[in-house]
Amino acid sequence: MSPVMAVTRRELRSFFVTPVAYVFLVIFLVLAGILTFYVGDFYERGQADLQPFFAMHPWLYLILVPAVSMRMWAEESKSGTQELLLTLPVSLVQAMLGKFLAAWLFVGLALLLTFPIWVTVNYLGSPDNGIIVAGYLGSWLMAGAFLAIGACISTFTRSQVVAFILTALVCVLLILAGQAQVMDFFQGTLPRKLMNAAAHLSLLRHFEAIARGVLDIRDLLYFVLTIVAWLTAGVLVLDLKRTR
Amino acid sequence: MSSTNFRRGTTTFVALILLAVVYVGLVLASSRWVGPTRIDLTADHLYTLAPGTKKIIDDLRRPLRLTLYFSEHSTRDLPQLRSYEQRVNEMLQEMVARSHGKIHLRVVDPVPYSDDEASAEGNGLTAATGGSNGERVFFGLVGSTMPAGSDAAAEPDDASVTGGRTLAIPFFDPSRETFLEYDIAKLLYELSEPSKPHIGVISSLPVMGNPILGKPAWTVMRQLQQLFDVKTIDPDKLKRVPADIKVLLLIHPKHLSDDALYAIDQYVLGGGHLVVFVDPDAESDTTPYINGDTGATDDHNSDLPRLFADWGVVYNPKQVVLDRSLALPIELAGVNLMHPAMLGLGPEQLNHDDAVTASLQRINVSSAGHFDLSPHATTRLIPLLQSSADAELVPASRVVEASGDPTSLLQGYQPGDQPYVIAARLRGTLKSAFPDRARQPGHLSTSRPDSEVILVADTDLLTDRLWVDTQTFLGQPTLVAIANNGDFVTNLVDNLSGSSALLSIRGRTTSQRPFTRVLALRRAADRKFLQKEQELEHELADTKQRLAELQPAKGDNDSTVNSEQRQEVEQFLKRKLAISKELRDVQHQLNAEIDALGFRLKVINIVLVPSLVVLIGLLYGLRRMRRNRRARV
């Protein structure tokens with residue numbers, strides 16, 4: 001078995017050994033349901049699509065994904081297991097990749113457990129299930145991007161709380177980068193080219209494009225680049241720490 | 001050692017900066033230079049070039065110039081519009097790529113007070129308000145023909161000088177996204193055709209509007225006018241349908257003279273394409289029911305009995321199709337109810353094997369009739385639009401009388417257990433209805449084999465109210481199709497006039513996907529309510545009758561009669577109040593069923609799965625505890 005898979009399995013198992021995983025799943029599912037039915041008005045609007053469900057995912061991830069990622073490296077550093085891990089015959093890249101994949105699969109599991117909403121919309125009407133598949137895929141890609149950001153930031157600090165806050169902060173910035181209100185606020189002070197660049201870097205913009213039902217290679221490329229870039233940054237920081 | 005650490009730290013910092021720069025660079029570069037390669041997961045392939053589009057582009061007869069006017073500057077705080085502009089631009093680029101040089105695309109930002117802005121307005125684009133600092137927003141497309149052999153890169157010529165044509169899409173409304181490809185392909189098609197086909201319209205309804213009164217033509221006619229040269233034909237003077245008329249629309253024929261009928265008869269037998277719209281109850285017919293001067297009556301129905309008889313068509317102008325399964329929801333005096341004579345024909349009621357209706361999703365009709373073939377007919381009737389099997393036929397007069405209480409049409413409902421044909425192709429060898437004119441020069445007695453007439457048993461489907469909604473976007477009124485009625489008519493005329501390339505593009509709208517189960521619950525609720533209402537009304541009538549029976553006894557023992565009568569009256573009033581309350585309770589209960597479904601779904605989604613997760617977690621935890629205890633022992 002490859003070292004990446006070994007780390008992935010270990011990390012996945014560690015999620016479920018403590019109640020943390022179950023608490024996370026329950027909170028995720030309850031919040032997703034409440035946001036969809038009460039904030040998104042899913043039933044009362046009477047339209048057979050999952051737009052109210054997916055529209056809530058950026059904000060749902062904003063709170064819950066940092067809670068998953070904050071313990072990736074911050075806890076290792078604090079409890080001293082980081083030193084142990086870094087002396088094993090596992091490269092930094094493999095360790096980072098393994099941890100990330102475990103977390104990403106875990107969030108994917110949470111997404112799969114929302115299947116009742118998909119059953120519900122098909123029970124109530126005839127939705128375009130292709131768009132729903134695209135929505136789930138886009139949502140998972142966005143979760144991956146959030147996790148990569150969190151993984152990187154958790155290498156900066158020993159404190160899980162600090163890791164949580166910093167991750168949430170960065171994710172908020174990436175969500176707001178594409179929002180109309182934010183663009184309006186800055187339009188007078190920043191050059192137009194910079195504004196357009198910020199919009200292209202926005203997680204929300206690429207997620208919404210996929211959620212319309214079209215897998216464009218540029219949106220997929222954006223998410224892959226984002227994940228690779230942040231994980232690479234995390235590896236660089238770990239490499240620096242290893243020397244000390 | 002410390003100097004080594006410092007150098008590594010610096011190296012890491014530089015590496016992080018470099019990583020950030022590379023990341024941003026790659027993201028921006030990919031958004032600009034990576035071509036639109038994509039997988040379209042939508043059920044209707046909303047984002048893939050349709051075969052019809054490809055055919056239109058492949059068949060272009062001459063070079064075309066497209067200019068996309070988009071206010072880049074004014075829309076810097078309108079991300080929705082900018083996102084849609086990217087989509088429009090990408091589709092145009094795909095079309096350009098497909099055209100192998102025949103289509104040339106230019107993108108222009110018409111900044112305020114520039115020549116480009118004047119050019120945009122001059123070419124028929126409409127500006128919307130709402131841009132930054134109140135600036136106007138242009139987002140439209142101008143297409144023009146170019147002389148053959150001209151240099152595509154040359155400056156745009158004056159279209160009037162070169163004899164070219166210019167057409168425009170005034171404004172790309174994001175709510176019309178599902179029609180984006182159709183709108184652009186239609187523009188290309190219109191520019192490519194040397195001239196528009198001629199179609200004729202004979203109508204007793206004001207479908208072409210009234211310029212004197214400032215009434216616009218119906219939207220369906222305006223759409224036809226974009227693609228065709230539409231000529232109005234006066235039936236009173238009609239002796240012969242002009243030969244250049246490719247398609248003749250005969251709408252709501254009433255009191256046509258024999259000469260007019262003969263002209264139509266010969267037009268059909270000579271290979272002309274006829275579309276007939278008849279109606280047992282044309283709700284847009286404003287003719288008075290009783291003529292004040294002559295006393296003649298008019299039932300607002302239309303028919304073509306002489307021609308239909310010889311074609312083998314059976315049509316009863318006094319019969320309307322009701323369909324409680326397809327009833328459309330309407331609001332009457334603030335109350336929502338289903339109208340059994342107003343039907344929303346869905347995918348199952350449309351013929352998906354016919355090019356005209358294959359890609360359509362929904363047609364709304366109102367108080368429609370139906371067609372059948374006579375037992376001796378030698379022609380074939382190919383349905384285009386049908387009712388469901390849960391339909392019945394009622395007199396048109398009953399539908400008119402029920403206009404204030406549509407649910408009364410459900411009383412005594414007896415479905416025929418068969419769908420009724422509301423629109424169809426009549427195909428075969430047609431005979432003339434005027435054998436007595438056989439000696440006239442040029443008379444035709446029969447048509448060629450597989451001659452065709454389109455029959456539609458409703459005129460209301462042509463009216464705006466059944467398929468067009470008006471919405472406002474950035475202060476700009478926009479017509480939005482909520483059904484495919486307009487597409488149906490345009491497809492018919494396109495199909496009959498020989499142009500089929502646009503068919504596969506039209507009607508890809510999927511914007512309306514309601515909760516069908518909730519609608520079914522509401523229909524069932526209406527049915528139950530009506531049944532209960534009838535029972536209670538019968539009871540009320542019985543009570544009323546018993547009260548009336550007490551009247552003749554008045555002559556006898558007055559004091560006893562008075563006392564008894566007073567009791568009955570009080571009883572009657574109490575019962576009436578109780579009945580009203582029971583009706584309200586029934587209504588409330590039926591609404592509660594829909595709410596109960598919503599509640600059950602919320603419980604399932606918000607409580608059930610999380611509870612299962614908790615349960616699994618607890619079981620897993622218990623098992624681990626037990627295992628640990630055993631190990632300790």
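**Close-up views of a predicted two-chain model**

**Figure 1. Surroundings of Ser366(B).** Beyond the four places on either side of it in sequence, Ser366(B) touches Glu283(B), Ala341(B), Met342(B), Asp458(B), Asp460(B), Arg465(B) and Leu466(B). The model shown here and in the other views is predicted. Ser366(B) belongs to strand β14 of chain B, which covers residues 363-366. Is Ser366(B) buried or exposed? Its relative accessible area is 1%, so Ser366(B) is buried.

**Figure 2. Surroundings of Leu191(B).** Helix α6 of chain B, residues 180-192, contains Leu191(B). The relative accessibility of Leu191(B) is 0%, and therefore Leu191(B) counts as buried. Its contacts, with neighbours within four places in sequence left aside, are Arg62(B), Leu64(B), Gly143(B), Ser144(B), Thr145(B), Arg165(B) and Leu167(B). One of these partners, Leu167(B), is 24 residues from Leu191(B) in sequence, and the two C-alpha atoms are 7.2 Å apart in space.

**Figure 3. The salt bridge between Arg10(A) and Glu11(A).** Side chains of opposite charge can pair when their charged atoms come close. In chain A, the side chains of Arg10(A) and Glu11(A) form a salt bridge with an N to O distance of 2.5 Å. Which of the two residues is buried, and which is partly exposed? Arg10(A) has a relative accessible area of 44% and is partly exposed, whereas Glu11(A), at 7% relative accessibility, counts as buried. Lys99(A) joins Arg10(A) and Glu11(A) in a network of salt bridges.

**Figure 4. The salt bridge between Lys239(B) and Asp259(B).** In chain B, the side chains of Lys239(B) and Asp259(B) meet in a salt bridge, 2.9 Å from N to O. Lys239(B) is exposed, because its relative accessible area is 59%. Asp259(B) has a relative accessible area of 29% and is therefore partly exposed.

Figure 5. Lys581(B) and Asp585(B) form a salt bridge in which the closest N and O atoms are 3.1 Å apart. How many residues apart are Lys581(B) and Asp585(B) in helix α13 of chain B? They are four residues apart in this helix, so about one helical turn separates them. Lys581(B) counts as partly exposed at 45% relative accessibility, and Asp585(B) counts as partly exposed at 40%. Over all chains, the count of salt bridges comes to 20.

**Figure 6. A nonpolar patch on the surface of chain B.** The patch is formed by Ile604(B), Leu608(B), Leu612(B), Leu615(B), Leu619(B), Leu622(B) and Met625(B). Together these residues have about 660 Å² of accessible area. Leu619(B), one of the members of the patch, is in helix α13 of chain B. Leu619(B) counts as exposed because its relative accessibility is 53%.

Figure 7. Which residues form the positive surface patch? The patch consists of Arg623(B), Arg626(B), Arg627(B), Arg629(B) and Arg630(B). Arg630(B) lies in helix α13 of chain B, residues 558-632. The relative accessibility of Arg630(B) is 63%, so Arg630(B) counts as exposed.

**Figure 8. The setting of the views: chain A and chain B.** Chain A has 244 residues, of which 55% are buried, and its fold includes 15 helices and one strand. Chain B has 633 residues, of which 47% are buried, with 13 helices and 21 strands. The accessible surface of chain A is about 10,100 Å², and carbon and sulfur atoms account for 72% of this surface. Chain B exposes about 31,300 Å², with 54% of that area supplied by carbon and sulfur atoms. Among the contacts in chain A with a separation of 6 or more, 76% are between residues 24 or more positions apart. In chain B, 74% of the contacts between residues at least 6 apart in sequence join residues at least 24 apart.

Technical notes. Residues numbered from 1 in each chain as written. Chains lettered and ligands numbered in written order. Predicted model: local features only at pLDDT ≥ 70, side-chain atom pairs only at ≥ 80, totals over all residues. Heavy atoms only, no water. Patch = residues over 30% accessible without salt bridge, like charges linked within 9 Å, V, L, I, M, F, W, Y side chains within 5 Å. Areas by Shrake-Rupley, 256 points an atom, 1.4 Å probe, with all protein chains shown as cover. Salt bridge = Lys/Arg side-chain N within 4 Å of Asp/Glu carboxyl O. Lys, Arg positive; Asp, Glu negative; His and termini not counted. Charge placed at Lys NZ, Arg CZ, Asp CG, Glu CD. Helix = DSSP H or I, 4+ residues; strand = E, 2+ residues; numbered from the N terminus. Buried < 20%, exposed > 50% of the residue type's maximum accessible area, 1.4 Å probe, protein only. Contact = heavy atoms within 4.5 Å.
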